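Hi,

Here is the structure for you to look over. My notes follow below it.

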Amino acid sequence: MMACLERSALPQVAVIEELPTDTLIRLGDKPMHVGAADIVAVRAVSGYGDQVGLERAGR
């Protein structure tokens, strides 16, 4: 489970579910229609924000 997850930094559409093995973060009710800003916000809160630029740079 994500112990250091800053829940207040998540977007308003985020719904958190604690599972037996991990934490699930859902963004809204329509998975094919999620705003890019919401995805980036969740990545940043989850600690993956720095990798976005590296992936685009091909590293």
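What share of the 59 residues in the protein is buried? Buried residues make up 17%; buried means under 20% relative accessible area, exposed over 50%, partly exposed in between (1.4 Å probe, protein chains only).

First, the ground rules. This is a predicted model, where local features need pLDDT of at least 70, side-chain atom pairs count only at pLDDT 80 or more, and totals for chains, interfaces and linings use all residues. Residues are numbered from 1 along each chain as its sequence is written, and side-chain values use heavy atoms, without hydrogens and water.

The fold has two helices and two strands, in the order β-β-α-α from the N terminus. Both kinds of element are DSSP runs, numbered from the N terminus (helices H or I, at least four residues; strands E, at least two).

Strand 1 (residues 14-18) pairs antiparallel with strand 2 (residues 23-27) over five bridges. Pairing requires at least two bridges found by DSSP. The two strands form a hairpin with four residues between them. E17 stands opposite L24 in strand 2.

The largest nonpolar core holds seven residues: L5, L10, A14, I25, L27, V42 and V45. Strand 2 and helix 1 (36-46) each supply at least two of its residues. Such a core is a set of buried Ala, Val, Leu, Ile, Met, Phe, Trp, Tyr and Cys residues joined through side-chain atoms within 4.5 Å.

I25 is in strand 2. Its relative accessible area is 19%, so I25 counts as buried. Beyond its neighbours within four places in sequence, L5 contacts L10, I16, I25 and V45 (contact: heavy atoms within 4.5 Å).

Best wishes
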